[in-house]
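I set down here what I looked up in this structure and the criteria I applied.

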Amino acid sequence: MSEEMKIVVFKLAHEEYGIEVDKVKTIERMMPITRVPKTYNFIKGVINLRGVVVPVMELSGRFGLPQETYTDQTRIIIVQVGEMEIGFIVDSANDVIDILEDKIEPAPEVVGGIQARYLRGVAKISEERLLILLNLSEVLRKDEIVNLEQLEV
């Protein structure tokens with residue numbers, strides 16, 4: 001019997017992506033971001049989220065995708081990576097769905113311009129709908145997490 005997973009679905013550059021619900025802390029509307037000098041160019045800065053300083057990453061910038069203009073639909077998905085919280089800016093976060101583990105296929109080398117190492121796999125939701133699942137441990141590598149942890153001070 002295949003395990004069922006709950007996935008938060010979000011859009012980025014007109015494609016649908018997913019992150020497991022248990023890794024998502026909260027989904028926030030866009031808010032003021034304080035720039036931090038000398039960080040990676042895909043790090044937009046930090047936000048003050050209920051008294052906690054959280055680094056924020058432009059996910060499209062991380063993947064080398066064209067950056068969309070922020071709209072009323074733009075969201076910051078706050079995820080837990082190890083001991084750290086980080087926000088991902090996405091075009092919209094619109095759904096939570098259940099998928100069976102056996103519907104997830106290994107990621108091809110490149111999907112939508114994104115390298116396979118950032119991807120956990122691709123889930124076939126229906127004949128017309130594929131969902132690209134992120135591999136959070138690769139989206140944020142250990143050396144980058146060390147740099148981001150210094151922003152939280």
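Entry 1, basis. I worked from a predicted model, in which local features need pLDDT of at least 70, side-chain atom pairs count only at pLDDT 80 or more, and totals for chains, interfaces and linings use all residues. Residues are numbered from 1 along each chain as its sequence is written, and side-chain values use heavy atoms, with hydrogens and water left out.

I located Glu16 in strand E2, residues 15-20 (strands are DSSP runs of E, at least two residues, numbered from the N terminus). Glu16 has a relative accessible area of 16%, so I record Glu16 as buried (under 20% relative accessible area, 1.4 Å probe, protein chains only). I found a polar contact of 2.8 Å between the side chains of Glu16 and Arg129 (N or O atoms within 3.5 Å, one able to donate a hydrogen and the other to accept it; residues adjacent in sequence count only if both atoms are side-chain atoms). Leaving aside residues up to four places away in sequence, Glu16 touches, among others, Phe10, Arg129 and Leu131 (heavy atoms within 4.5 Å).

The ring centres of Phe10 and Tyr17 are 5.8 Å apart and the planes meet at 20°, so the pair is stacked (planes under 30 degrees apart). Phe10 is buried at 0% relative accessible area, and Tyr17 is buried at 0% as well.

Definitions and conventions. Helix = DSSP H or I, 4+ residues; strand = E, 2+ residues; numbered from the N terminus. Buried < 20%, exposed > 50% of the residue type's maximum accessible area, 1.4 Å probe, protein only. Phe/Tyr/Trp six-rings, centres within 6.5 Å; stacked < 30°, edge-to-face > 60°.
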